[in-house]
Amino acid sequence: MYDPGIITRRGAEMRNALSLLILPFRQGRLILGRKAVFPAQIAAIAVLVTPFALAQETDEADEVTDQEAEVVIVTGSRLKRDAYTSVAPLQIITAEVSREAGLVDAGDIIQESTASGGQQIDLTFHGFVLDNGPGTITADLRGLGSARTLVMINGRRLAPAGVEGAPVSPSLDVIPGLLVQNYDQLLDGASSVYGSDAVAGVVNAILVKDFDGLELEIFPSVPHHGAGRDDVVSARWGMNFDRGFIGVGAQFTDSEAVTLADRPWTNGCTKHYEVDQGGQLRHQDQFYPRIYGMRWDDCRLGSLAGRVWVPTRSGSIYYTPGYSNGGWPNFSESSTFGPIGVDGDGDGETDVSFRDHDINGRDLFAHLVAERKTANVMAYGEYTLEGEMNLTPYFEVLYSTRDVHTNSGAYQLFPDVPARNPYNICNPEGQGVDCGLAEDALWLNPNYQQQFIDVYGVPPTFFSFLFNGEIGPVGTLPIVSVRGDRTLNDVSLDQWRYVAGVGGDIPALNVGTLYDWSFDLSITHSLSSATSNRPGIREDRLELALGTYSSTHTPCENDTGESLAADVAPGCVPINLFAPSLYANVIGDFATPAERSYVFDSRDFDTENQQTIISFYATGTLFELPSGPVSAGVGVEHRYDEINSIPDAVARDGLFFGYFADGGAVGDKTTQEAFGEVELPLLLGQTPLSVNLSARFTDDEYYGGAWTGSAKVGWNPFDSLLLRATYGTSYRAPNLRELFLQDQTGFLSLFDPCLIPADAIDPLSGGYNPDLDQREEFLLNNCRAHGVDPTIANNNGNNVYSVEVATGGVLDVDEETSESMSLGFSWEQPMTTAFDLRVGASYYEIDIEDTIIEPSAGYIIFDCYYSETGTSTFCDRIQRLDDPVLPLMDLVGLGFINRDNWTVRGVDYNVVLGSTLTIFDRPFDVEFDVRAHRQIEVSTLFVNDQGEPDRNAFHREWYFPEFKAQMGLRVDYDRWRVSWQSRLHGRVEEDINQVDDWSDINDGGSSTCLGPPDDVQCRDVETVGNYWIHHLSGRYRADTWDVVLGARNVFDEPPPLVDSTEATDANNVPLGAGYDYLGRIYFLGLAMRFFGG
Amino acid sequence: MVVGRKHLLARAASLAFCVSAFAADERTDAPSEPSKTSEPYPLEHWAMRAVISNVAVSPDGNHLALMKIASKDGDPIIEIYDAADLTKEPFRLDADPMEIAGFYWASDRDILFTLRQQVRDKIEGFNQGVYEFRLAVLDVDAKKMRSFAGERATVVNILPSEPNKVIVAVQEGGDDGPAARVRAAYRPLAYYEFDLRRGSRKLIIRGKLALGQVGFDGEGNPWLARGFDEGSREYILYHRKRGASGWTEVHRHHEDSFESFGVVGFDVDNPDDLYVVANNGHDTLGLWSFNVDTRELTALYRRSDVDVWNVFEHSNSWTHPDTVTGLSYGKDRFHREFFDDAEGATYAQLEGVVPHAHRVTITSRSRDGSTLTVSNSGPRDPGTYYLLKDGRIQTVGSQQPLFKSEDLADVEYITYKARDGRTIPAYLTVPHGEPPFPLAVMPHGGPFVPEVVGFDKWAQLLANQGYLVLQPQYRGSRNYGLEFYQAAFVEGGQGGFKMQDDKDDGALHLVKEGLTSRDRIAMFGWSYGGYAALVAASRTPQIYQCVVAGAAVSDPNMQVNYYRFAMRGSQREEQLRMWDDSVSPLDEVEKVNVPMLIVHGSVDQRVPPDHAKKYLKLLDEHDKTYKYLELEGADHFYNTLFYNHQLDFFTAMTDFLANDCGPEGL
């Protein structure tokens, strides 16, 4: 035991001489540290000292509790250290503060953070082809893409999860939000510490581990606008033994879908958002009502269905049940010959309004946010064995399962119907009519004739060539929309993550100055297994059922020798694509369930991602400097990644109508790494200077070896000021997607600049008129150089056409390398105890070279043909038909290539102001904090073979506002807290060079302005001003339970609405862009603890 | 008065040494007659911090180590002497840049140090804590020191039977990251056995919140643990029998209870009988035997007048670890009651030979029992260390070598009646000379603390200057039972009311006794005592000529607000009942009617300088006469008042009392 003499004397000295104030005042000192609200158990332990210490002669207990002690692992360094010191820029988001803003979902919390940039992929993204597949929620720091943000749980890499294609990013919804203690965001390249992908930074979710007994928590959220209720419940149980502990936690989440109809801002349709020269917002389309006299609401023209394209002058005819303005039973022409909206019945109103056939506004059952159910279970434990190595085997298991169901609305279906298909409307031999005569009937319609005369002065009969006469059966193209065709998707994903390891001391190393070395050896195995199912219409079955493969166009007959998959012919039933049920409500269905069940199939994917990491790490003190111990760490890591993303035939071969083929991905790779880190506590004069150096060598199976390193310096010229600087290199190895993605093919409408443009076709001769051709000479040369004569290739001005595009992994891409640096300070006001003020700012710059990009087809075409030097590297990705006259584009290859340089620069700001205000003699702890980010630059740079730089800047544009900020005001009184949080998503606008010109309906650029002389001109709304939302909550903490009640978006601030041509949107609501689209949400958090012994 | 006492078997008296072994020439005993003509000591003498401390012999008795402040501003160094010849030049050691906070012998050749270094001015910031703590071990033979166990570790047991091993408590963080740092600060301790030779460690037990603090016996067996049950709001005591592996809950104590229940040891012969200092339904704390199986308390010793403080263990901690040999309490002075006759005899012998024996303590003893270090302190001895070896006693040194016993003042223990009839004990430090003396009433801080006056530097300083010093144990003081303590707040906070009357009544009692005069009274206090001084300044009718208020609480509400919501249980009750309706000096400034000297440390963390600032502002507004002294860089406590602080403070105070206190000074 202690030498009692020491204790006695010290106690006597202090007590006799000074009569100190005992415990409460000691606690007072902690309060002055502005951490007034401790978890209840802390206060308990602190007080625990009293009853035992009071009557004793010892003050030793005082000393013990005055120490603030811990060994912490700081994200950004693997060294064990005693104090929380981070030289690297680190933002910590505590789950508690997030909960006070109504957020428990890891994805929401990370995506809302000011350090997240770019478009944030969440559950509003469906109906898109996403790198990580449907239902995956990714982290994207600085907008550099999810592949360049490393996500970890408890300091260990989180493996990818997803489905379809080749998902390579972790999905944030495998993180059980209610079990998270805090999220560390390391905002610095960190490959030298953590390996590949930590280019833009690291997100590390740290799970709660420190619990004893049972804790139950519920966190329901109920939207003010109804649908979209979200229920999260969790239970966790832990037990501590003398030498170990074990704990289990589980969380269940049930999130209802929110449809477009469920929110006032999406319950309508996609509208024009244009602004006129007078600054007035305009929605009303002017073109169709003005020119065609169509009845029109305030929606814009979307995808039209409920129509049939016929191969005569009429083009599309529209379903008008019981009426025809020509000779098509139940169908009518909409408009012809310029500005004539056909009013065949002479009632003064155009017979067909496009709005009556528009999917836009009729797909309100589509999800704004998908429906999701998740379950997460984690278990962990450790036990320290007897012995001086303190060998501590441990394990951690995380199981997550999620089911996401999405409904993306309605798509068009437009299959070719062969001429003699019995149902074909233009098959007079079947149930149809002769469409030549049917159209002639329109020319002969007296009401129409009058309209024609009004415009052209003569009746259409004046132009005898207009008359078709009898043309017999002709093929048609019904354009309909079938409910549930390709728009429903169910994704089910399971991820298992096992960590097993052993830690311990290495007493054998205790020689000389080495005395505290410890090691950790672990194996982490992750397996995610996901399925995706999507019902849709099989194009091959549809074609068989329409008679496409029959010489007589007989449904279900294949006498042309077409080779069909085995599951096509069985069960074939003739399909009537002209049934009223497909037309009557725009979004329709087949006439019979038999038809539907035959043509519908499911597109299924099974995707498995596996990752195994074996890691060894040792850390300890190298030697002591007068200013402190020099600690170091070394480690090696072996990583194995494997993907098996297997499509069924429907997905692999693109068998759905109009749906892309996805070959999935199969591949694996091995990475070996060795790394080291050392931290030197130095002195600069009398002031502490901390230097941290780290380096890592990576040997990648495919691209070879790479070194990364970093140096970080922190200097305290005064106690109150920390200056820090970091510089490091990071890298990103080509991932399994870039290496092993099998062909994904699809069709895109692409613009071909090598075809004679419509402007350059002589209206009289219909041939090429070079005088009208405005194209640059270098463009024409580029076309010639690549096998097209741009003065001959004439597609009647239809220069945008459907081209197959294909993408796939390649093994010849190299790693991306990046340099990052940061300069920052943090300062804490030392002058007064009346308030705490901490101010910090950190400038960062990340430059990535040779980014692996997947150029868009449009970009490839542009780069190839618009290269003034004719040296584009992309031209050989464009294949054309072997047709000397009209060599249309046949295939554009989109695969990966190392090319661009990215640069992002910005400043992160942190301010915390805290004080205790006395109101009615009672103390209220007030804390105000601001986190802000200023984007200085986001740009890509490509230097072409001629050394000419081509820079594209994105900052201040969509997704990259100059300012983002989060601020919070918390007032604590006893066990109560009121919390107000606000979030700013700053102004964004279109690139100054790409701002639309003022225009009007006459030139087609704008749809809501008529233009001079009667009206001004318009352009799309391309700017969104500063966007604020606010959250309010109140909290009460009892010893064994606490409750928080509040409202997110308390003012029910709607999202800004923009023109749908300017951003990815849902009925003008921009998605993934930092705006709230759910409106006010009431939330309740209730946690109860039941203690063990 | 003694209501219960169980005699433990007296051990064989083999350890008692023979008094005749003392060589007379080594005795520094001197006549304690006051030298009535002596001049007061220069204030510089009083400002000196204790010169030597922490004197201890190695277990083999061959070395003697002590901590010494070599210069008035210096950090302590360790000196290690050859115990056989103290005149030989010692081995000296400092721990620059860290400061040695204390040490103890772990084995014949290993000295363990606690080191600390102030690394920050404020609690929060880059490195969070104000101090960094380290453990270090010095190999005396190799003369090599190295730190071990990392930061934030505390030695809890030196395992007397295992020379190379000690048990260290470590606050561990784990992987919980920076946001957990507040939690982690209160993280339960993990206990390791460290091998000082190999530098390795073995986990023994890792605590948890509900079972956090573990006690180990001298063989390293965990036997006691403490925890807290948040559901029932009870402190829980767990016991582990020797050889068992689990814990058994043996006692619960509700946090609202004002009673105490503290396990202070166990009976080495019947380890299932614990020594407990507890009220057990009584007003004062007694020593009880608590059987873990029956959970019954048996009274061992209890007094109806004052609390039992603690037990003490055998002076030879190497051969008799955990052996409780007696108990201590304080009343007129510090007292021991022995259960072990041999130990009692040893102390009795020591008290016979140590000059001015007052509070004699064996601070260390060699394994063979023959070499001891002994300390004494009391009114006539500021603290002296002796080495007893080979039957010879010699003086090692004094904490305040500049003071002669004959110049120091005696302390009397008195009682008097307060105006409501309550009996108030008090200590009276009586200066040399003839009464009536000018009187300084010096209430202790706290207020809820016990005070037993032995050598009290401030009282002695004032007595040396000719002042009579009264240290009243006003109601609210601990040591006199629950009723006496709770009388300060059960019927409303008595701060400025009855607690103030208790002090004034003491002064008036001394006037009546003829020891002082009605017009020569001042009050001086620190912390709560400073608060009392502020209250006194505005009282009417006024009995004081002036007040000196140090580190005074001027705004009790502000003070309580610092920790109002962090308190729990009985402590919360105590503080809020006390302070929510006691007098606030800030409200009384207008009535201030005597000169004031106000002193405050500029970095006082416990009673922040805002108290002084607010009060001074009001004094200015009301045109009151005062002097203010700010002690630059001083915190609230004794060990942060360095030489210059003390010198400045003493100079200002003596000057103020002599010249500004009353018409012609006090």
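Guide: Let's begin with pLDDT, the predictor's confidence in each residue, on a scale from 0 to 100. This is a predicted model, so local features need pLDDT of at least 70 and side-chain atom pairs count only at pLDDT 80 or more, while totals for chains, interfaces and linings use all residues. Residues are numbered from 1 along each chain as its sequence is written, chains are lettered from A and ligands numbered from 1 in the order in which they are written, and side-chain values use heavy atoms, with hydrogens and water left out.

Visitor: What is the mean pLDDT of chain B?
Guide: Chain B has a mean of 86, and 89% of its residues reach 70 or more. Over residues 1–37 of chain B, however, the pLDDT is below 50, although this stretch has 73 contacts (heavy atoms within 4.5 Å) beyond near neighbours in sequence. Residues 122–129 of chain B are also below 50, with 34 such contacts. Where pLDDT is low, the predicted coordinates should not be read in detail.

Visitor: Why is Glu738(A) called buried?
Guide: Buried means under 20% relative accessible area, exposed means over 50%, and partly exposed lies in between (1.4 Å probe, protein chains only). Glu738(A) has 6%, so the residue counts as buried.

Visitor: What makes the link between Glu738(A) and Arg732(A) a polar contact?
Guide: The term needs a pair of N or O atoms within 3.5 Å; within protein, one must be able to donate a hydrogen and the other to accept it, and residues adjacent in sequence count only if both atoms are side-chain atoms.

Visitor: Where does Thr654(B) lie?
Guide: Thr654(B) is in helix α11 of chain B, residues 643–659. Helices are DSSP runs of H or I with at least four residues, strands are runs of E with at least two, and both are numbered from the N terminus. Chain B has 11 helices and 36 strands.

Visitor: How do you know whether Thr654(B) is buried or exposed?
Guide: Its relative accessibility is 9%, which is under 20%, so Thr654(B) counts as buried. Leaving aside neighbours within four places in sequence, Thr654(B) is in contact with Leu43(B), Gln465(B) and Tyr467(B). A polar atom of its side chain lies 2.8 Å from the backbone oxygen of Phe650(B).
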